[in-house]
Amino acid sequence: MDTFLFDSIIVGPIHSRRLGTSLGVNLLAPASKLCNFNCIYCECGWNGAHGEGAFNPYGKVIPALEAKLKTMSEERKLPDVITFAGNGEPTMHPDFDRIIDATLALRDRYAPATKVAVLSNATMIDREAVRKALLRVDRNILKFDSAIDATMRHINQPRNDRTVARIIELLQEFQGCLVVQTMFLRGDYGGHHIDNTTPEEVEAYLDAIRRIHPSEVMLYTIDRNTPADDLQKVSYEEMEAIAARIRKLDMDIITSVAR
């Protein structure tokens, strides 16, 4: 299926089904994707499909963000959230922590009621600077698509050999100050049938959530085109059934399902 890349540093504002009115910040260059996952559902397509990716430099990101926030403040049309996402994994940026600090300063100056969020695949959280930067934002939304190694590898196709057990250990270091985001899907890719909604998957997932104990869990499914063709959307009713089981963990976890 046709996928797309963000063509600028500042995106929107747009309406996000998860975050409200979102002003996007794309730390990855517009011509290609740069990520250490190669998720079969990624709206930006496959790694390498448009050449090698690169980073938008600090010296361009912060002035662009300030100009946009200044204009929106003058027009009194400030966003609900400033969201770091874009053409790949934002926490791979070598100046990620500096960019977050500068963004928080700009937010405080121009849009004090606006939240700052980061959508991340959680691959870089073993780096102290990245982890501390994520803990400074209002919402660090970290990917966790399966608690079973084989399924995680089929869905996310990571470049490293990190196990689910290690991912859970790293997420536990946030001590609950994180949002877990999970994509539910089923379909066929690479000779494998993939379904992270089976009873075995859900039981393992619930155990992982119990151990991670995030402040919030966001469940969603395919809403845009995906690079792998034979993937299927999971129904709202199925996801809501999983959400209900998370709520029954009685751990004060806010759980939402995106339509």
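A residue counts as buried when its relative accessible area is under 20%, as exposed when that area is over 50%, and as partly exposed in between (1.4 Å probe, protein chains only). Strands (E, at least two residues) and helices (H or I, at least four) are DSSP runs, numbered from the N terminus. This is a predicted model, in which local features need pLDDT of at least 70 and side-chain atom pairs count only at pLDDT 80 or more, while totals for chains, interfaces and linings use all residues. Residues are numbered from 1 along each chain as its sequence is written, and side-chain values use heavy atoms, with hydrogens and water left out.

Which strands does E6 pair with? Two strands pair if DSSP finds at least two bridges between them. With strand E5 (residues 139-143), E6 runs parallel, and three bridges join the two. Here Val-180 of E6 sits opposite Leu-142. Strand E8 (residues 216-221) is also parallel to E6, this time over six bridges. Within that pairing, Met-183 has Tyr-220 of E8 as its bridge partner.

Strand E9 (residues 231-233) is antiparallel to E6 and is joined to it by three bridges, with Gln-232 of E9 as the bridge partner of Arg-186. Strand E7 (residues 192-195) is antiparallel to E6 as well, through four bridges.

Most residues other than glycine have a negative phi, and most peptide bonds are trans. Gln-157, though not a glycine, has a positive phi, near 45°. Gln-157 belongs to the loop between H4 and H5, and its relative accessible area of 26% means that it is partly exposed. Gln-175 also has a positive phi without being a glycine, near 50°. This residue lies in the loop between H5 and E6. Is Gln-175 buried or exposed? At 71% relative accessibility, Gln-175 is exposed.

Now for some side chains that hold on to each other. A polar contact is a pair of N or O atoms within 3.5 Å; within protein, one must be able to donate a hydrogen and the other to accept it, and residues adjacent in sequence count only if both atoms are side-chain atoms. Arg-162 is in the loop between helix H4 (149-156) and helix H5 (164-172). Despite its charged side chain, Arg-162 is buried, because its relative accessibility is 15%. Its side chain makes a polar contact of 2.9 Å with the side chain of Asp-126. Asn-36, in the loop between strand E2 (20-26) and helix H1 (58-74), is buried too, with a relative accessible area of 12%. The side chain of Asn-36 has a polar contact of 3.0 Å with that of Asn-121, and another of 2.9 Å with the side chain of Thr-123. Arg-166, in helix H5, is partly exposed at 35% relative accessible area. A polar contact of 3.1 Å links its side chain to that of Glu-169.

On a 1 Å grid over the protein atoms alone, a cavity is a set of points where a 1.4 Å probe fits but cannot get out, and lining residues have an atom within 4 Å of a point. Grid points are joined across faces, edges and corners, and a volume is the space filled by probe spheres set on the points. Searching the whole structure turns up one cavity of 30 Å³ or more, and the largest cavity holds about 120 Å³ of space. Its lining has 14 residues, and those nearest the centre are Phe-37, Asn-121, Met-152, Asn-156 and Ile-167. By type, the lining splits into six nonpolar, five polar and three charged residues. Here Ala, Val, Leu, Ile, Met, Phe, Trp, Tyr, Cys and Pro count as nonpolar, Asp, Glu, Lys and Arg as charged, and the others, Gly among them, as polar.

Technical notes: On a 1 Å grid over the protein atoms alone, a cavity is a set of points where a 1.4 Å probe fits but cannot get out, and a pocket is an open set with protein on both sides within 12 Å along at least five of seven lines; lining residues have an atom within 4 Å of a point.
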